[in-house]
Amino acid sequence: MRKYETLEHLFDLAGNLSLRDGGVLVWQRDVGRGRAGDEVGYLDLDGYLRFRFRGHEYRAHRVIFALTHGAWPDGEVDHLNGQRRDNRPENLRDVPRRTNAENRRSATPGSGTGFLGVSYFGRKYQAQITVGGKKMHLGGFSTPEAAHQRYLDVKRAFHNGNTL
């Protein structure tokens with residue numbers, strides 16, 4: 001929890017925001033540059049919707065979680081379907097950092113193979129996964145697809161928080 005994520009701030013936000021269908025936050029009244037009825041915020045470089053209110057910056061998914069549950073989340077707010085713009089309350093859950101990381105659905109933009117859990121290893125493709133803080137090597141494969149399939153099989157078995 002961030003230091004400004006208090007019940008007082010939550011009540012203040014609730015008095016100035018409305019949640020529409022589809023997980024869309026709108027201003028109830030004119031606030032700073034925001035006009036009543038306008039959607040709240042902007043997309044940051046990571047694809048999350050953010051907004052400023054009374055000198056603090058908020059991520060919309062954390063605020064939507066808090067507004068619908070009556071309290072700020074204890075951990076991170078995970079998007080079940082992996083879509084960062086999908087802030088419908090039913091798509092959000094409060095999870096520890098490790099569970100959120102385990103729900104990753106795609107390779108990072110800088111991935112050499114384009115497959116989650118797969119990297120080059122000499123002339124083969126290597127699958128690896130982290131379970132309980134320990135890296136597990138899952139073998140070498142002739143194709144990135146075969147390595148990725150092995151990774152997914154192990155992920156489904158060991159990552160309880162994943163939704164793949």
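Author: A residue is called buried when its relative accessible area is under 20%, exposed when over 50%, and partly exposed in between (1.4 Å probe, protein chains only). The model is predicted: local features need pLDDT of at least 70, side-chain atom pairs count only at pLDDT 80 or more, and totals for chains, interfaces and linings use all residues. Residues are numbered from 1 along each chain as its sequence is written, and side-chain values use heavy atoms, without hydrogens and water.

Reader: What percentage of the chain is buried?

Author: Of the 164 residues in the chain, 38% are buried.

Reader: What makes a set of residues a nonpolar core?

Author: The set must consist of buried Ala, Val, Leu, Ile, Met, Phe, Trp, Tyr and Cys residues joined through side-chain atoms within 4.5 Å. The largest such core here has 20 residues, and among those touching the most other members are Leu 13, Phe 51 and Tyr 58. Helix 2 gives the largest share, five residues; helices are DSSP runs of H or I with at least four residues, strands runs of E with at least two, both numbered from the N terminus. A second, separate core of twelve residues includes Tyr 125 and Leu 138.

Reader: Which residues does Phe 51 contact, leaving aside neighbours within four places in sequence?

Author: Contact means heavy atoms within 4.5 Å. By that rule the partners of Phe 51 include Leu 13, Trp 27, His 56 and Val 63.
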